[in-house]
Amino acid sequence: MEIQEVVSKQKAFFKTQQTKNIRFRKMYLEKLRDVILQNENLLYEAIYKDFGKSKFDTFTTEISFILNDIKYYLKNLKSLSKPKKVRTNLVNQIGKSRIHSEPLGNILVIGAWNYPYQLSLSPIVVALAAGNSCILKPSEIAENTMKAMVKIINENFPPEYLFAYEGGIDETTELLKLKFDKIFFTGSTKVGNIVYKAAAENLTPVVLELGGKSPAIITKDANLEVAAKRIIWGKFLNAGQTCVAPDYLLVEESVQEQFLEMLRKNIQQFKYEPESEHYTKIINKKNFERLIKLVNHEKIYVGGEYDEEKLYIEPTILTNINWKDDVMQEEIFGPILPVISFTNFNLILNEIIELEKPLAAYLFTNNAEEKESFTNKLSFGGGCINDVMMHLGNENLPFGGVGNSGIGNYHGKFGFETFSHQKAVLQRATWGEPDIKYPPYSEKKLGWIKKFM
Ligand code: NAD
């Protein structure tokens, strides 16, 4: 079936109103859960072929997220979709005011390759939960996971409701010419720009989940042992190919030496070796070559080895880094961790305030003033104090960027709102109608209106 035909069928199907039924939505969420569980091994094998991601990491950072999302919406769907009563103001008395969460219609989800299942299927789960029909375009860069998702979705769901479309840039460009009720894009800021422009042609609203350089600040008042362990885990998970990974570190000079030694110790303990099941490969040759060019050999503190054949890059820490180094000019998106040292917390905070707003930011400290300055002065999508990346795992927090790191958000109730229209309905009683607002007007009527409004 041609993609234009699928889109037309989805639009027609949405108009039948079937997706508005809560039981219908729940039935398909349960079906998606069952399809994922039945095909778990296929999903693990595909991602391993694409970039050597282990079963452990795939479950903890992808499959479990999707299953938890399904569980959350199955549990909360009724309350999320219930019309919300709000106060009716004096002018509108006698009346009742309600906000109805109505599905938007037909959604396009464009996924990224780095967490291919989570970033494709989590938006699909909430878009379906909110009562929409959906087309998923997974990333072609992780080819096997794309094929696996296309297979399990298209074999188990009616295309007029949910369809996965296999394709690369050409196919996505064609898809973007069509009109959708919302486009949910995860990927780079560069492609986000292309998607935003294409969407504007059809006046289609967008969510853009983009990237950026996310800093982690470590001050002398931090618990250094804990900070080192959490940072090494967060940075080298998925070999640094994580949108919310700490991109670079800002370490207070007085504790730098001690802290770097702790970082080195953790890298050794986590055993990130070429054949290790705990360590992921770089997705492709293009990214591999881009990454090794970012390593300035004179600044290597630890690591620096690589194996082109295996697409392996050793966890690498670079020191004596300044803002002008190549590694500080773009999002790294790989296992290279530059360290900049600082002596004054407020000055370094001011320096990062001047940069593009990052998707995430992290602060390690037990100093209350530093925590407050970080939270109140620095703008970022979301982040943690004394941890990295774990904010994503709390469904009560919205996930999304700000400025160059994105537009809009999702997760939990925020995702439900993202894929719904908040329709305002005022219901008036038909008795007790004063004729004060109707012509012919008079000074007396105006006097009364001034009192009311
Ligand atoms: P990408 O922008 O290259 O690709 C994302 C999607 O866009 C893919 O499905 C791809 O097919 C499509 N695409 C690529 N070029 C296109 C074009 N010219 N026209 C139309 N469509 C096109 O991103 P990526 O390499 O898959 O992911 C890496 C980036 O994504 C990083 O910047 C990372 O920070 C960001 N990211 C953000 C999040 C988030 O949740 N905010 C999550 C993961 C990754």
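**Figure 1. The whole chain at a glance.** The accessible surface of the protein chain comes to about 22000 Å², and 52% of that belongs to carbon and sulfur atoms. Accessible areas here come from the Shrake-Rupley method with a 1.4 Å probe, and for residues only the protein chains shown count as cover. Keep in mind that this is a predicted model, where local features need pLDDT of at least 70, side-chain atom pairs count only at pLDDT 80 or more, and totals for chains, interfaces and linings use all residues. Residues are numbered from 1 along each chain as its sequence is written, and side-chain values use heavy atoms, with hydrogens and water left out. The C-alpha atoms fill a box of roughly 85 × 55 × 40 Å along the principal axes. You'll find 15 helices and 18 strands in the chain; helices (H or I, at least four residues) and strands (E, at least two) are DSSP runs, numbered from the N terminus. Of the 453 residues, 52% count as buried, where buried means under 20% relative accessible area, exposed over 50%, and partly exposed in between (1.4 Å probe, protein chains only). Take the contacts with a separation of 6 or more: 70% of them are accounted for by residues 24 or more positions apart. A contact means heavy atoms within 4.5 Å.

Figure 2. Lys78, Lys82, Lys84, Lys85 and Lys96 make up a positive surface patch. Patches are made of residues with over 30% relative accessible area and no salt bridge, joining like charges within 9 Å and nonpolar side chains (Val, Leu, Ile, Met, Phe, Trp, Tyr) within 5 Å. Lys and Arg count as positive and Asp and Glu as negative, while His and the chain ends are not counted. Look for lysine 82 in the loop between helix H4 (55–81) and strand S1 (84–86). Lysine 82 is exposed, at a relative accessible area of 55%.

Figure 3. Leu90, Val91, Trp448, Phe452 and Met453 form a nonpolar patch on the surface, and together they have about 590 Å² of accessible area. Leucine 90 sits in the loop between S1 and strand S2 (95–103), and it is exposed, with a relative accessible area of 57%. Isoleucine 94 lies in the loop between S1 and S2 too. The peptide bond running from glutamine 93 to isoleucine 94 is cis, with omega near 0°.

Figure 4. Threonine 145 belongs to helix H6 (residues 143–154) and is buried, because its relative accessibility is 0%. Leaving aside residues up to four places away in sequence, threonine 145 touches Ala46, Ile47, Asp50, Pro116 and Tyr117. Now for the charges: glutamate 166 and lysine 147 meet through their side chains in a salt bridge (2.6 Å, N to O). Glutamate 166 lies in the loop between strand S5 (162–164) and helix H7 (169–175) and lysine 147 in helix H6, so the pair ties together parts that are 19 residues apart in sequence. Both residues are partly exposed, glutamate 166 at 36% and lysine 147 at 37% relative accessibility. A salt bridge is a side-chain nitrogen of Lys or Arg within 4 Å of a carboxyl oxygen of Asp or Glu. Glu143, Lys147 and Glu166 are linked in a network of such bridges.

Figure 5. The whole structure holds 16 salt bridges. In one of them, the side chains of lysine 137 and glutamate 140 meet at 3.1 Å, N to O. Lysine 137 is buried, with 2% relative accessibility, whereas glutamate 140 is partly exposed at 27%. Lysine 310 and glutamate 275 form a salt bridge as well (2.9 Å, N to O). That pair links distant parts of the chain, 35 residues apart: lysine 310 is in the loop between strand S11 (306–307) and strand S12 (312–313), and glutamate 275 in the loop between helix H10 (253–270) and helix H11 (285–293). Lysine 310 is partly exposed at 35%, while glutamate 275 is exposed at 61%.

Figure 6. Phenylalanine 333 has a positive phi of about 55° although it is not a glycine. Its place is the loop between strand S13 (316–318) and strand S14 (336–342), and at 18% relative accessibility phenylalanine 333 is buried. Methionine 389, also not a glycine, has a positive phi of about 65°. Methionine 389 lies in the loop between strand S16 (382–385) and strand S17 (406–407) and is buried, at 7%. Finally, proline 439 and proline 440 are joined by a cis peptide bond, with omega about 0°; proline 440 is in the loop between strand S18 (420–428) and helix H15 (443–452).

Note on methods:
The place of a charge is taken as NZ of Lys, CZ of Arg, CG of Asp or CD of Glu.
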